[in-house]
Amino acid sequence: MAESFDIIIIGSGPGGYVTAIRAAQLGFKTAIVERAYLGGVCLNWGCIPTKALLRSAEIFHYMQHATAYGLAAEKVSYDAAAVVKRSRGVSKRLNDGVGFLMKKNKVSVIWGEAMIDAPGKVTVKPGNAEAPKGALGPGLYEAKHIIVATGAQPRVLPGLEPDQRLVWTYFEAMVPERMPKSLLVIGSGAIGIEFASFYRTFGAEVTVIEVLPQILPVEDSEIAGFARKAFEKQGIKILTGATVTRLDKKTDSVTATIDGGKGGTQTLTVDRVISAVGVTGNVENLGLEKLGVKIDRGIISIDGYGRTNIRGIYAIGDVAGPPMLAHKAEHEGVVCVEAIKGLEPHSIDKLKIPGCTYCAPQIASVGLTEAAAKEKKLDIRVGRFPFLGNGKAIALGEDQGLVKVIFDKATGQLVGAHMVGAEVTELIQGYVVAMNLETTEEELMHTIFPHPTLSEMMKEAVLDAYGRVLNM
Amino acid sequence: MPINILMPALSPTMEKGNLAKWLKKEGDKVKAGDILAEIETDKATMEYEAIEEGVIAKILVPEGTADVAVNEPIAVLAAEDEDVKAAVASAPAAKPSAPTAPAPAAKPAAVPTRSPPPSQSMPMPHIAPAPATNGHSRIFASPLARRLAKAAGIDIVRVAGSGPHGRVVARDVEATKSGGTVLRAPAPQMPAPRPPAVTPVQAPADDKIRALFEPGSYEVVPHDNMRKIIAQRLVLAKQTIPHFYLTISCTLDKLLSAREDINVTAPKGPDGKPAWKLSVNDFVIKALALALIKVPEANVTWTETGMLKHKHADIGVAVAIPGGLITPVIRKAETKSLIAISAEMKDYAARARARKLKPEEYQGGSSAISNLGMYGIEEFAAVINPPHATILAVGAGVERAVVRDGKLAVATQMKVTLSTDHRAVDGALGAELIGAFKTYVESPTAMLV
């Protein structure tokens, strides 16, 4: 007889495993199905290992610029294998951590490839990866509620197919055997820009191609423009409004034909190409089509509580649509199981999901961009404050950056915040809390920010929006 | 040890009541289950049973006192072997100065307060603070919500909060703006500061109205609780519910003959009375219940956060009683036989007149019937009684000349008017509901299957 659960979650990425823990906390008998790695792409091939790589790059950068701080570091060099090894070690540690969390919360781990036969029934077939200790094996499982949290995979454009050798996705880009001398990055979203930044720091000639007129297309154009200037100063070549039409592969190099940008059609020969043209939901081979689950352009359609059109089948995270961010997946999963429990949670407000890019300089944002606010016909007040005016930034030697806030003029509602510069990914949360608590400019102005910190700029930007800036 | 007897909360929304009558006097022995007093609530008079044994040492609130706050001590009960005088001495002074509920903790431990019977399983501590008189209660609302409310001229106190712990957030104010004024839900778990009594803001002061009449040309009858509640609820209904009205004629001939047939078959009891005598209204109740089940989208209750779609048809039936009216609810009326509905209505009507209905018998429901046919009223429109989404106003069955197959004929017809909460039920849907009702009334055999 099939083992029966209240909730089965398919996929153990940050969305899936957090959903499992919350479900277990709510008293549901919970199982999670995984085919490859506990923690999914985020922990193993995404957010976390790239942060480890970028940390190495950052320290390398500081060592190269030691004299700027009155220090001497001679014969500064790197060991690519050791940089990768550290990154893998970080992933392994967190991967073990997820296993521990599942055990602690009495969530059963089922190892293999899941297929939904019917609402309530999941068949798990053997997968390729070796099962961790204590995992349940392939077989038939039952659950009242099935939550699809299978994530996403790199989008493949025709003619630009990754080959794992010369044309990389983030999988290969994360574990280089050696640092390429030259690199072409196709796509300037968070993934593309982070790798561009990483490889440039280690000395590669990097060219970034973006089809849209702006790099980091989801970011505020002023912030993206600021970042672009910083990248170009570091020696990254950026072509916007350009596409790669053709890749000619040689033994150890690739010649790309690039259309558009400045200068019409051109060719560029590089050691390696990274294709970072977005990701697409993992909706295949789950039996969803047969069940009639509504899928729109590779994304499972859900309501505000993760419910698909088929009763008992839910979806959360990347597979349920953008923004494809781990923290959005986690919260979506929590809302989904709380709704199943009948707790009446509020569905996610997508305008309050922050986004972070960990290039140098870092970029962080939440809410509407200035252009989006204007498109919504909002009458807005915009405040700005540059890193140049902040004591802590100057002391850190990080005086390049900008904090920008957007208020609705009529109500004083903070509708957007955008930052570029050192450590802004750790700052943005202050504005996210403010937005969630529905503060107006008044409360932000009444809030005391500690001195000397980078966060003082957050208050200054608010003051600037109301003509009261102090340190500029 | 003396025990304070407290004003009981007899319904979840009760904050005050009138102490109508003491059935025990000072010095009387009481045992558990004895009736101590009669408490007049919104619409009913309820008996207050003792839960402790002892002697009434002191009556603190004399009978006939109006608006006694819930949990206010109304008497002191001493144990039988106890010195009654000592008990009284340690009891609070008669008529405490603060009209709000006293804080038991502030009194010396010698007088433990004992809650009234918890039979209603109401979370009484939540009601106890009764902040009605305290205008300084803190409202939890986000800064943005406050600003939006101020800009829209909405009193934030009147907005029901949907945020964490009932906090008023921006979307609540937006919903209030688009959906009319929303009062805080009177749910017992929400110790919401009571909104000021719902009276039209522009209503002229009493003395100005009296000045319009010659002194001595009238007498003043103070409102009883029922009158106050009727006024309050109907003003609320008309101010907050966008009403619209649908009228239709129903031919009654088949119903009348079916009623005749059924009543004729009633066996006679030992007293010679028939076991049942169905009224037209019993058919109307059943027909409306079945219509609501057939058109489930209309069997709803509006709330700010979502539509309550009811699974059964609970039908309130307005019963006129001396001094006002009350609307007992026939639960799951669609599942009940006409005979059962008829018997239940007779029982309700009798107990309503005696003001003995329990709150759970007249609260809730998803629709209601008001029938003035027996007064010869041909048609009228009724005011919706929240939480209902509709109310059916039933006129008299009147013989009318009708055209049938091109010829003039005589038919008994009844006009009914459905008042509808447009927030919950739109025009076409209301028409569907009243159409289904008409079908059942005109083909009463369909009600029996």
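Predicted model: local features only at pLDDT ≥ 70, side-chain atom pairs only at ≥ 80, totals over all residues.
Chain A has 472 residues, of which 47% count as buried. Its secondary structure consists of 14 helices and 24 strands.

Chain B has 449 residues, and 34% of them count as buried. Eleven helices and 19 strands make up its secondary structure.

## Contacts within each chain

In chain A, take the contacts between residues at least 6 apart in sequence: 65% of these join residues at least 24 apart. For chain B, the corresponding figure is 64%.

## Where the chains touch

Nine residues from chain A and eight residues from chain B take part in the contact between the chains. On the chain A side, one residue is nonpolar, five are polar and three are charged.

## A residue in chain A: Val273

A:Val273 lies in strand E15, which covers residues 272-275 of chain A. Is A:Val273 buried or exposed? There are 28 other C-beta atoms within 10 Å of A:Val273. A residue with 20 or more counts as buried, so A:Val273 is buried.

Which residues is A:Val273 in contact with, leaving aside neighbours within four places in sequence? They are A:Leu166, A:Val167, A:Trp168, A:Leu184, A:Ile186, A:Leu247, A:Val254 and A:Ala256. One of them, A:Leu184, is 89 residues from A:Val273 in sequence, yet their C-alpha atoms are 4.7 Å apart in space.

Definitions and conventions:
Residues numbered from 1 in each chain as written. Chains lettered and ligands numbered in written order. Helix = DSSP H or I, 4+ residues; strand = E, 2+ residues; numbered from the N terminus. Buried ≥ 20, exposed ≤ 12 C-beta atoms within 10 Å, placed from the backbone. Contact = placed C-beta atoms within 7 Å. Nonpolar A, V, L, I, M, F, W, Y, C, P; charged D, E, K, R; others polar.
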